[in-house]
Amino acid sequence: MYNQIMMFFLIFGLGSWNIYSSELDKSFEKLTSNCHQTDFLKNLNEAKEGFDQVFSQLSNAKLNALKMEETESKKNMLWNYLRILFPYKMPKTDLTKFNYMECYMQFDKLMKEFTVTNNSKWKVCLRAFYKDNLPEFEKKLFKCTDQLVASPTILKK
């Protein structure tokens, strides 16, 4: 009986994240829709703010439940956003955190200096996790960063 009650609350709690997930999806869709450097950085900051609001309400148990829902064919976008763009927020118990942090360091370099080398290193790092099965979000993000590198602008600090 206790397990059934816990499962109800877990499912109910995760169901409410669909609302937040759709807002985050809009935010990340906006991120990859305008691949001009200043707009991309602005949209990335807005996406981070939205993610932080949702993330602040997630316990480690809910995060682990989200991760467990993911399969090879069905990616959990909230978990995907976390590990690709904000791995420093991953639970310390997640064994892949260090690996994604390595890739994030490359992404952070790319966001500071939009070079072909930085873009390539970041993409190679992420591709190693997925082999040839890149999720749609990464495909869109890669396409966008390719555009960012192809048309560099000087950013004012």
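Is Phe51 buried or exposed? In this predicted model, Phe51 counts as buried because its relative accessibility is 1%, under the 20% cut-off. Phe51 belongs to helix H2, which covers residues 37-55.

Several residues from elsewhere in the sequence touch this ring residue. With neighbours within four places in sequence left aside, Phe51 is in contact with Leu24, Phe28, Leu78, Tyr81, Leu82, Phe86 and Lys89. For Leu24, which is 27 residues from Phe51 along the chain, the C-alpha atoms of the two residues are 6.7 Å apart.

Phe51 is also part of a cluster linked by ring pairs; its other members are Phe28, Phe55, Tyr81, Phe86, Tyr88, Tyr104, Phe107, Trp122, Phe137 and Phe142.

A pair of aromatic rings is described by the distance of the centres and the angle of the planes. The search of the whole structure finds 12 aromatic pairs. Two of the pairs are set out here.

| Pair | Centre to centre | Angle between planes | Class |
|---|---|---|---|
| Tyr100 and Phe129 | 4.2 Å | 20 degrees | stacked |
| Tyr104 and Phe107 | 6.3 Å | 45 degrees | tilted |

Tyr100 is buried, at 6% relative accessibility, whereas Phe129 is partly exposed, at 30%.

Tyr104 and Phe107 are placed 3 residues apart in helix H5, so about one helical turn separates them. Both Tyr104 and Phe107 are buried.

Technical notes:
Residues are numbered from 1 along each chain as its sequence is written. This is a predicted model: local features need pLDDT of at least 70, side-chain atom pairs count only at pLDDT 80 or more; totals for chains, interfaces and linings use all residues. Side-chain values use heavy atoms; hydrogens and water are left out. Rings of Phe, Tyr and Trp (its six-membered ring) pair if their centres lie within 6.5 Å; planes under 30 degrees apart count as stacked, over 60 as edge-to-face and the rest as tilted. Buried means under 20% relative accessible area, exposed over 50%, partly exposed in between (1.4 Å probe, protein chains only). Helices (H or I, at least four residues) and strands (E, at least two) are DSSP runs, numbered from the N terminus. Contact means heavy atoms within 4.5 Å.
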